Amino acid sequence: MQFLVYILAYPFLWLISILPFRIFYWLSDCVFFLVYYVIGYRRKVVRENLALTLPHLSDAERKNIEKKFYQHMCDMFLEMIKTMSISPEEMERRFVITNMDLFHEYEKKGKSVVLVASHYASWEWLLTLNKRMLFNGVGVYKKIANPYFDKLVRKIRGKYDAQLVETKKAIPLMAQNQREGILSLYGLASDQSPKLDRIFHSMKFMGIEVPVHTGAEMLAKKYDLSVIFIKVMKVGRGYYEATIVPIADNPKEYENFEITEIYLREVEKQILEAPEYYLWTHKRWKHRVQ
C-alpha cells in the first residue's frame, strides 16, 4: 500500500516541481484557500498558540497573522516539492547566506559545528549550505514512515551533498567522525516539543514554561563542538536570507542549559519580528509546566 501511494503521488509531485514560479505560486494560493477556508487544517491549534504566546495583540491582529501564516505555510511546503527539480544555481539565488565568510572562519578553526535552526521561514532550503562549505553536512531528522518517500527525501537532499541521519544514530555518527577526524556540521531544529521520555529541562519559551530540547547543547559539550544559530528571514515570496549567529565556541565553559537558553531567545526574537513565518500548527505548548 505504501508503494502504491508513492507511485500515485510521485508524478503529481514532479509536475508541481517543474511549474514556472508564477504558476507555482498561483497553485499555492489555491492550496491556501482549500487548507484554510475549506479544510480548516489545525486552525484551532494555531489560534490557541497565537492567543497563548501573543496576548498583547488584539484578536484582529492575531487573525491577520493567522492568515499570513497559512499562506506562508502553503508556499513553504510547495517549495519543498520544488526542491525536486530546482537547480543549485536558482536555489542559491533564492536562498542567500549573508555572512558566509563567518562560516569559513569556523572551518579554519578545525573543529566541527552544531548548527541550531528553528521551524521558521524556510528550514528545508537550508540544505543549500552544503554546496557552499567544506564541512561534511549532516542533517539530524525524524525518519518518514513511508520508506519510499523517505528514500525520495534522501535523494533530493543528496543533490546538495546533505547526509541525513536519524536522531538515534546521530551520536554514533558524531563519535565515529570525531575518531576519524572528519570535520562536520550537524544541523538540528530544536524548537519543538520533546517527547515526554526525553525531557531533561524546562524553561520559558514565548513566556510559557515548557519542556525544551537540550540535545544540541549536550552533544556540543560532549564532543566540543562550536554552536551557531542560523537566522532565516523571508524577504519576498520564494526568497530568503540567512544569517549565521555565533552562540558558543567553547561550549564546556557554559553553565548547563545556558546555550539552550541563548538559542531559544534568538528564536523568540525571530518570532516577534514577524510571527507569521513560524510553524504554528505544531502543539509546541501542549506540555506546559505549572
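These are legends for a few close-up views of a predicted model.

A note on the numbers: residues count from 1 along each chain as its sequence is written, and side-chain values use heavy atoms, with hydrogens and water left out. Since the model is predicted, local features need pLDDT of at least 70 and side-chain atom pairs count only at pLDDT 80 or more, while totals for chains, interfaces and linings use all residues.

**View 1. Cys30 and Cys74, two cysteines without a disulfide.** Searching the whole structure turns up zero disulfides (pairs of cysteine sulfur atoms within 2.5 Å). The closest cysteine sulfur to that of Cys30 belongs to Cys74, and at 10 Å it's too far for a bond. Cys74 is buried at a relative accessible area of 6%, whereas Cys30 is partly exposed at 34%. Here buried is under 20% relative accessible area, exposed is over 50% and partly exposed is in between, using a 1.4 Å probe and protein chains only.

**View 2. Helix 2 from end to end, residues 21-39.** Helices are DSSP runs of H or I with at least four residues, numbered from the N terminus. With 19 residues, helix 2 should span 27 Å, and its end C-alpha atoms sit 25 Å apart, which agrees. The expected span is 1.5 Å times one less than the number of residues.

Notes: Helix = DSSP H or I, 4+ residues; strand = E, 2+ residues; numbered from the N terminus.
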